Each structure stands twice: as C-alpha cells, then as structure tokens.
Amino acid sequence: MYYLAFICATIVLSWSSTIMGDRSVTGYLEEKDLNRLREVFADAISSNDLQAIYYSTLNIKIDDENYSAELCSSLRALHEASKLNGYEKDFYYIGSSKNLVCKNKLPEALLGSVYAVFNTELSSSQEIYYRVLTHKLLGVQINEPTTTKIAKTLQGLLKKDDSITSLGYAFNVAGELGTAASFVADRVEDAVVQADEVDGKMLQFEGGLSITALVVNGIFRVTDIFKKPTPLNPVQAVKFASYFLNRRSVQSAKGAHVLIEALKTLSGAGNSAPICIQLIGNGQLQADDPVLNVVVVDLLGKPVTPSPKTVYGKIILKKDNAVLAEKVQLISKSSDKTVYNAQLSTYKPSRGVYFAEINVDNTFTQKLQFKVLGRVKVHSLEVGVTDSDSSSTVKKQSIIYPQTLKGTLKADGTQKLLLKSVLIDESTTKVITVQQAFVRLSNVQSNEEIIFVAEQDSNKAYKFDMDVGLHGADFRYKSGIYELHLIIGDASVSNSFQWHVANVELKFAHEPDTSKKQPIRSTLPEIEHMFRPPEKRPPRFVSDVFTGLCLTPLVLLLIFWSKLGINFSNFTFAPSTIGFHLGFGGILALFGVFWLYLNMFQTLRLLIPIAIFTFICGNRLLRHLHAQRVGKSSVSLSSAAST
C-alpha cells in the first residue's frame, strides 16, 4: 500500500511537471564558483587532514614534484595520527597515495590488514563501502564467493539499520558487488520518501550536504547499473538541484567534491535532468536598444546536450499583466551556444518592469524579470520669485535643460522662491512620474546645503514653493548666494541627472549668531551627566534633638550603673571573654564609623569577619558561664545533703 501511494504521487508530480514544463533552475555553478572551489582544494592540500588531502588531490593536480614528494612522505604519519575510523583512514591513505602517484611503497602491515579484512565480520554498510573501494584502488579483484558473502552481510545489515546514511552507502557499493547486491535497487523508493522539503523549493536528506549527495549519487548509480526506472521525477530533481546550488559556499574539500559530483549526476539524469535559464547581466535593457539576453546551460554551466531546437519567450508587463509579445524567438549566438537573445525594439517596450516567460523545446520554462529603462526629458522648467502675501500673477523665467539661468534671482524674507517642471518620457513624450525629485540649495561660500522634496501636482508637474522668511531657520539665517539644483532619479531611468538651474541670492531678516558657530561635521560638545540634586536636609536643631533621643538609652544605662553599681565578680580574663567584649565593642565602633564615613558595602566587608569572631567567642563564653553555674548548683546540693 505504501509503495502504491509513492508510485501514485510520483505519477501525479511527473504529469503536473509536464503540463507546467517547469524543469529549470535560476542558477548554475558559474566560473567564479568553480574558482572558489579550486581555492578550497588548494588550501586543503596544506592541511593535516588526511580526508581533505584525498579530496583535494582527487580534484587538482600538483605540478611541483618536490612538494608532491614531500606530501607523499607525510601521508603515513597523517594516517597514524588520524582519528577517523580504521576503514576510512585506510581508504584515504591509499587513495591519496594513488592520486599523488607516490613512489613510496605502502606499509606491508597495512596491505596485509586490508587484504584480510573480508575474513572478519563487517559492522556496517559504511565499512563495506570503504573496504570494497579500497580494494578497487589497489586494483585487487574480489572473487565471486567473497562478493556473495559481502552482499549477504550487506542485506543483513540493512535489515538492522535502514537509516538514510546506511542506504546511501549501500546504493554506492551495490554496483561494485554485481548482481548479488541487486536487492539494494529495490530500496530506492524507501530512501526518496525520506527527503525533507525546505520552503517548498528544495529537497534534502537528514545529514546535510554530504549525505544528500551520497544518496542522490547512489540512487542514480544503482538504478542505472541494474536497469531500473529513473529514481527521481523532474520536480524532485529540480528541488535537489536547487538545494545543491544553495550550498555553493561550502568550505570543506569533501563538501566541494560531493557538490560537484552531485551536480554532474543530476545534469546527466536523462529525462529528469534540470537546466538553468538565466538572464545575462543585471536585467536592465536600454530603451533605444532593448536586447533580451538569456543563457541556457546545464547545472555546471556547460551547453545543454542535445542543443535546444526552439527557445521562445512571452513578454508581459508586470504592472497590469498586459502582453507585449506572445511568442518572441530567441536566437543562439554563433560564438557562444549557451547564449540566446531577442531584439525587442520592434515591440516598442515602454519604460517599466516586465516578465519574460522563457520556453525551451516546450519542456523547460522559467519566468524571468527584467526592466526596460527609459530616458527622462525635461519638457519645461520655470523659476521665479514673488511676494509671500501676493495673489498676483507670478513672473517666471523659462530655462532649457541643461542651461543655467543668466543673472541671479533675488529673494528676501518677504518673498517666495518658486520652481515648476514637467518631465516626459523621451520615447513616448508622455508625462511621467519619477521616484526621486529634489531641489537642492547650496551656499556658494560655505558649501552648506539644504534639500527639499519637489511635489507633483494634479497635472503631474513637479512644483517647489519655498517661503524665504518661514525657512530662514533652516538656512541658519545665513544670507548669500545659493546654487539652485534640480535632482531627478529613478530606478527605471537610464539618464538620472542633477541640473544647476539658477543662482539665487537669499536675504534673511535675522543675521546668524556667529558667536557660537558650530562647524559642520565637527566634534559635538561633551554631554555631562547631571545627577539629581540631593534633597534638602533638616535644620541643625532637629538633627541634634534626634541624635540626643537616640543616645538617651545609653545615658540612662550609665546612670543606673552608677547608682546600682557594676558586678565584676563573674568577669574572667579568659580569651573568650576578652575576645567577645572586644568584638562587640568593635561592632559598635564600626557602626559609628559607618554613620560618619563608610557606605553599606564597605561596612559589610568589615562587619563579616568581626561578627564571625564575636560569635565564636560569645559561644565559648556562654558555654563557660553555663558550666560555672551548673558547678555551683552541684556544690549547693552536696552541702545540703551533708547537713
């Protein structure tokens, strides 16, 4: 039942993929990615990691013979120091030696243990994988009885441990064991359904890049050898490819190797193989020559095999989904068979954002977004000065871009500075709206500047209206000649500009206060923290009365002692007695010092040792007094008994 559900799901996904034709990804392993991975391999060669050295020497060639010989001589020590499993480090040692074509002979003890390993019990599919491939590296042919024995051991291990890691190693080693291990191909569906989907766009297996690449490479290998159907449908292949491409920033030599191998495997996956359809450049087309350039490659950036026969695109305006062109043919460049382009000038695209739905051989589709840049043109610009409270017609002067008004405009605190400009699209002559329209006024002498936003009115004309008197504080009331600039910018405009429109002499009613002039971008004055002022203390008379009341019990005690007398008969000069009284007196003295000089934390640090000393002495003193009292009672009873 479970197997039937998997087959049904696969058929549905395959059918929907055929209908949609979406078998492409938006990225591939570019030359910059390959160069970075080469750097990863080059850095790993100089490491002390045997595994990293193996994968590095497997992917790049060392031209320096002296360095290669030095590396060969260090392999044995690295093998002995490696903390990998024995079967792993044996494989990497022998593999690195073979990659480097080392002249040093492998240790006899190592070879003896490798040759005899199949006479012992193998503990996992991972060990079987490394042991079998180690024999292959050595060129040792495993005989048929041993192969059958290993296959049975593998079958038993998979019954005990059918985790995705165990299955991955089994898929990769099954082809080396021949028909005796054909049962492994039946476990492909069990592995595929364990894939985890990420954001609905990627598929991966638990364990990350290494395990995902191990399983994907293994299932294609085992199904190819034992002539089974393609293990992944096109949708799954695209999601696995997206995951691998998302891991292009891998930093380890093993990760770089398995990444490249997995992308090679998916690129050669036949009818399930995804391709990459991608825009060339930043996706911005010039209005005067809108040429759409698209690259069609496999996952490794190589030409698709066989070459696409037809590449078409549907051009849609993003703003209202209006179709600009239903079927535009993209033609392959003669110099580069991966690049296809289409001239869109015949469709006269206006400024804006577009979608291009690219279709390759009615099988692969990709939706790409590009932008056609327009050219903005100043249709008219007028600038003038008028009274702030005047409702009369304003006399304005027209200026043609990019000229600057001759002479200097003058405006004081009772006047307003006005500017009005209409912008049009150069190709359509229609009035347009831009994302940024600013008016900048900069002082000629001090280079201080202030920027205002030009607002668009109901007729889509940009207007700037500044009352000089009301904005005097913005200029710090600094009169002088200011340059008036119009700044126009937009992400879909190719000729954003800054235009020096005119010079304006501004005269403010108040002159700036130069006594506390603060230089622009200078160090700000230090901010000193102000603590809350202490509360007002009571009068001296009140404090003295309160202190006298606190001392009253002590005074009364001294008076009573003088009247009644003090009994020193029980006082002894034992160390505990003296220590207790000294400690108690020290505590009282400490409280007095605390009242005058110390804070709470300083007092506690001094009080703790004094208190401990006083407690110990007091305890011993009380025990002594108790024993003394008990002794007197016993003597009294003895005297009474004798009488």
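I looked up the aromatic pairs and counted 22 in this predicted model; rings of Phe, Tyr and Trp (its six-membered ring) pair if their centres lie within 6.5 Å, with planes under 30 degrees apart taken as stacked, over 60 as edge-to-face and the rest as tilted. I noted that residues are numbered from 1 along each chain as its sequence is written. I also noted that the model is predicted, that local features need pLDDT of at least 70, that side-chain atom pairs count only at pLDDT 80 or more, that totals for chains, interfaces and linings use all residues, and that side-chain values use heavy atoms, without hydrogens and water.

I examined Tyr-54 and Tyr-92, a tilted pair at 5.4 Å centre to centre with 50 degrees between the planes. This pair links distant parts of the chain, from helix H3 (residues 50–59) to helix H5 (residues 86–99), 38 residues apart; helices are DSSP runs (H or I, at least four residues), numbered from the N terminus. Tyr-54 is buried at 9% relative accessible area, and Tyr-92 is buried at 0% (buried means under 20%, exposed over 50%, partly exposed in between; 1.4 Å probe, protein chains only).

I then turned to Tyr-129 and Tyr-169, whose ring centres are 5.2 Å apart with planes at 55 degrees, so this pair is tilted. Tyr-129 lies in helix H7 (residues 125–138) and Tyr-169 in helix H9 (residues 164–177), 40 residues apart. Tyr-129 is buried at 15%, and Tyr-169 is buried at 7%.

I traced a cluster linked by ring pairs, including Tyr-54, Tyr-92, Tyr-129 and Tyr-169.

Definitions and conventions:
Helices (H or I, at least four residues) and strands (E, at least two) are DSSP runs, numbered from the N terminus.
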